[in-house]
Amino acid sequence: MARRITRRRLLEAGGAAAITAALPALPQAAWAQDAELHGLSTFGELGLPPDFPHFAYVNPKAPKGGSLTSQIKRAGGNQSFDTFNTLNTYVLQGDGAAGMDACFDSLMAGSGDEPGSLYGLLAKSVAISPDKQTYRFRLRPEARFHDGSRVTARDVAFSMNILKAKGHPSFRLLLNELVSSEAEGDDIVVVKLSPKRSRDLHLVVAGLPVFSETYWSTRDFTASTLEPPLGSGPYKVGRFEQGRFIEFERRADYWGKDLAVNIGTNNFDRVRWEYFRDRQVAFEAFKSGVITFQEEFTSRIWATGYDFPAVHDGKVKKEALPKTEPVGSQGWVYNIRREKFADPRIREALGLAFDFEWTRKTIMFGSYERMTSYFENSDSKAVGKPAPEELALLEPFRGQVPDEVFGEPWLPPVSDGSGSDRNLLRKADEMLRAAGCKRDGNVLKLPNGQPFEIEFLDSQGALQPHTQPFQANLKRLGINATSRIVDGAQYQRRLDEFDFDIISRALGGSAIPSDSLRIVYGSEAAKTRGSRNVGGISSPAIDAMIEKIGQAQSYAEVVVAAKCLDRLLRAGRYWIPMWWNDEEWLAYWDMYDRPSTKPKYSSGAPSIWWFNAEKAKRIGKA
């Protein structure tokens, strides 16, 4: 499936991984027919002309056919890693199925070479008012839903308005400054944004899924459903079994197959997503050929698991590709809405009990680096003392935020690698006591006199080897730390209700952060049930930096504000940072080919790959 500006990727990282924006001022002539634009760019001209034939990193002659089977490894919105019970992934209700974004087109689609550019998909062109508050998208007359009906401006307007009113909380928060979306006939949709609009809101709306108004007029948009929805995208829902697998069938009659943004993509006739609750069971499915494409995230399996006959016989390929895109963030996240985590000294003390050096050496085969920033592997990572332009943004909050924000950014401690660093545990004990905790025999009591107990909530047991030694160190501090593994549906419900102590969380990165970070770190999101701000971060300074990111008019301004945001988040001790990998680990049954050139900001796998029938026949997979 094509990796365009997908809704799944939008919700993975609060939109930052997929949607960024800013436009130069346009003259009044922008409303003229000859001034309509074929795309939208972030900080200047588009990299490709109106008549570009296809993206540079695709094979325009890639054959269509074959199949690819994978396991969901990234989730957004209402999606769960373990199960699904609805095909509506754009609302809060239910556990959404993987891959549904391939059924829906958007007004514009993104490029893997230009993280801040969009090019026409459903929309042939767009005109922009001088104040950049009104956008007139001109639809392609040939655009069709799967039932043959035309995709009209009314469908686009309906989609934007219903996502703002009834969509998943992440959509509702992102679309807060969308004033209106109205049709002018069948082919023109006029989108009006508030004067308070963020820099990127026009790209947010250009990347939204488009639904059929007629289809949804007789259905409840907010409800869970296993009825395949009507879409206009390159794939439609095929066979599925609730909670076990779902297949998508390529539409040979897809209306947009010859568009420049689609050439060389959507090459598989069938894409299938398998669901497994246990990573080891899923890996066994890969070894047996049930799963044919694998993104590997478990260092133990990567280091020791690929020693089976199909690898030795050359039927399975294993590759480590350099990671060129920003990494994002991963860590154990505190629910700071809970009194026991309210004091940042307590949060920092708990982090001292995690021995990364021992974990890396003993459990992860030396494969990972310690995560220190919310913007690893990017220009937005804060390093050293704040530059003058950073201080200009931070100074208004002096006295309201930790003093360290104005110095070197916080770094997690480096242990002695013993697994139980006495010096760090002693420091943790001192910090806990300074925060008002008291030791009563082998039990540490909180300032309110209650025993200090922590539950690590998860839906899978893959992190237990990493978590259990951490918990053992917490118990040495007198803290009763336990794990609870629940099914995927219960896990998602508890996250939606913010009913947890600590969870592990991984979010996608972004080459150009946008103000959609507010759905992850903003104060309003902290109060919104089902939002991505699961930790409950609420800070005027953080809100202000996100606003600065959203209003920045140059990449340099974005980087300055993002570095300030990084300093504030790190100083808040809102997480215990985990680890990151500078490689992308891929394994696959050797029946696929790929272009010789990869996108600048991703591996392109498997979205621009294709099926090779001769290879499949050679390994017995024809």
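## Strand β5 and S125

S125 is found in strand β5 (residues 123–128); strands (E, at least two residues) and helices (H or I, at least four) are DSSP runs, numbered from the N terminus. The model is predicted, so local features need pLDDT of at least 70 and side-chain atom pairs count only at pLDDT 80 or more, while totals for chains, interfaces and linings use all residues. Residues are numbered from 1 along each chain as its sequence is written, and side-chain values use heavy atoms, with hydrogens and water left out.

S125 counts as buried because its relative accessibility is 8%; buried means under 20% relative accessible area, exposed over 50%, and partly exposed in between (1.4 Å probe, protein chains only). Leaving aside neighbours within four places in sequence, S125 is in contact (heavy atoms within 4.5 Å) with E36, L37, R136, F137 and R138. With E36 there is also a side-chain polar contact of 2.5 Å. A polar contact is a pair of N or O atoms within 3.5 Å; within protein, one must be able to donate a hydrogen and the other to accept it, and residues adjacent in sequence count only if both atoms are side-chain atoms. The C-alpha atoms of S125 and R138 are separated by 5.4 Å, with the two residues 13 apart along the chain.

## The four-stranded sheet

Strand β5 belongs to an open sheet of four strands, ordered β5-β6-β8-β7 with antiparallel pairing. Two strands pair if DSSP finds at least two bridges between them. The edge strands, β5 and β7 (178–184), each pair on one side only. From one strand to the next, the twist averages 20°.

Strand β6 (residues 134–139) contains T134, which is buried because its relative accessibility is 16%. The C-alpha atoms of T134 and S538 are 32 Å apart, and 404 residues separate the two along the chain. Between β6 and strand β8 (residues 188–193), antiparallel pairing extends over five bridges. The bridge partner of F137 in β8 is V189. Helix α2 (residues 153–166) lies across β6, β7 and β8, and runs at about 160° to β7. Axes are lines fitted to C-alpha atoms, for helices over the stretch in contact, and angles run from 0 to 180 degrees between N-to-C directions.

## F137 and the nonpolar cores

The largest nonpolar core has 174 residues, of which F137, F452 and Y521 touch the most other members. Such a core is a set of buried Ala, Val, Leu, Ile, Met, Phe, Trp, Tyr and Cys residues joined through side-chain atoms within 4.5 Å. Helix α18 (residues 555–571) supplies the largest share of this core, nine residues. A second, separate core has eight residues, including V333, L457, V486 and I503.

## Helices α9 and α13

Helix α9 (residues 344–352) is mostly covered, with seven of its nine residues buried. These are I346, R347, E348, A349, L350, G351 and L352. They pack against β14 (329–334), α12 (422–434), β18 (453–458), α13 (464–476) and β21 (575–577).

H466 lies in helix α13 and is buried, because its relative accessible area is 10%. Apart from neighbours within four places in sequence, H466 is in contact with W332, F354, T359, I363, M364 and W579.
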